[in-house]
Amino acid sequence: MVQENPYRLDDRTIIVTGASRGIGAEVARVAARQGANLVLVARSKDGLAAVAGQLDTAVRVIDGDVADTETAERALDAAEDIGTRVWGLVNNAGINPYYRQTIDTPLHEWEDVLRVNLLGAAVFARAVGRVMVDGGGGRIVNLGSIAGLTGLPNIGPYNASKAALDAMTRTLCVELGPSGVLINSVAPGTIRSEMIDGLLNANPALAERLVAKAPIGRIGYLHEAAEPIVFLLTDAASFITGHVLVVDGGRLAAG
Ligand SMILES: NC(=O)c1ccc[n+]([C@@H]2O[C@H](COP(=O)([O-])OP(=O)(O)OC[C@H]3O[C@@H](n4cnc5c(N)ncnc54)[C@H](OP(=O)(O)O)[C@@H]3O)[C@@H](O)[C@H]2O)c1
């Protein structure tokens, strides 16, 4: 269905991973306000139920690990149950639980981070991308980070996972463009969420450094990350693909 208002998402289903809190939950709220139906994926049943209860559109929740192929299959079944076109995938689930120099990072920490941040996104892009190709098109947004574009210390696996996601975005863009599937990354700077709270609580000096480096002089709010993500799902973004949209209050520009 062509939208009269290019910012609307009526009669389209969006699958959002990591939707039990933080940026993913906000993406669900913003997309629902634009008329989208939602499939919300994360491990916490309670968190998912709380977010679903705030949405005024058709919604299904899937509790599971994004790196399990079965979770993606269940998400697609849920989308089919809703019945509107599978239009969007937001690969938002991510973790950043470790803080140490890369040479001191044990391999199991590399595996933990890459499994969720990279493999999880690949699992969903593979399963949902196929449905989009069969359906004549769609949109995928991968959550990168400015961490994938710079050399932020002490979070080596996280940085690598986000840079790899941007590479996946570009590859999928080339492979699926002819089928009408557009793929982009959004690379937030520091956005207030549980993930960031955890990092900042462990390293209070980091909070001051992050704010000092942001020209806007503060860290971002959830909606400031979610609105650009949802924009990329809409018809207003119909000529944008293979792009990394930096949403960081100018932090990268400041060097
Ligand atoms: N906040 C920032 O400043 C910032 C900056 C740049 C990029 N990002 C990226 O934005 C995304 C969202 O971050 P956030 O700050 O909103 O983080 P958050 O508050 O910690 O939320 C992370 C979400 O991912 C889900 N998740 C984690 N592991 C999962 C798994 N194995 N399977 C399924 N779901 C899983 C969590 O749900 P459950 O625990 O219920 O599974 C939760 O819903 C991440 O990819 C992050 O790297 C964030």
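Predicted model: local features only at pLDDT ≥ 70, side-chain atom pairs only at ≥ 80, totals over all residues.
Me: How many strands form the open sheet, and in what order?
Reply: There are 7 strands, and going across the open sheet their order is S3-S2-S1-S4-S5-S6-S7, with parallel pairing.

Me: Which ones are the edge strands?
Reply: The edges are strand S3, residues 59-63, and strand S7, residues 244-247, each of which pairs on one side only.

Me: And what holds paired strands together in general?
Reply: Strands of a sheet pair through backbone hydrogen bonds, and they can do this either parallel or antiparallel.

Me: OK, how many bridges join S4 to S5?
Reply: Strand S4, which covers residues 85-91, is joined by 4 bridges to strand S5, which covers residues 138-143, and the two run parallel.

Me: Switching to helices, which strands does H4 lie across?
Reply: Helix H4, made of residues 107-135, lies across strands S1, S4, S5 and S6, and its direction is at about 160° to S4. Helix H2, residues 45-52, lies across S2 and S3, running at about 170° to S3.

Me: Now the ligand: which residues come nearest?
Reply: Of the 30 residues around the ligand, the nearest are Gly18, Gly22, Arg43, Ser44 and Gly94. The elements giving two or more residues to this shell are helix H1, residues 22-33, and helix H6, residues 194-202.

Me: How do the shell residues divide into nonpolar, polar and charged?
Reply: The shell around the ligand has 13 nonpolar residues, 13 polar ones and 4 charged ones.

Key
Residues numbered from 1 in each chain as written. Pairing = 2+ DSSP bridges. Contact = placed C-beta atoms within 7 Å. Axes fitted to C-alpha atoms, helices over the stretch in contact; angles between N-to-C directions. Near = placed C-beta within 6 Å. Nonpolar A, V, L, I, M, F, W, Y, C, P; charged D, E, K, R; others polar.
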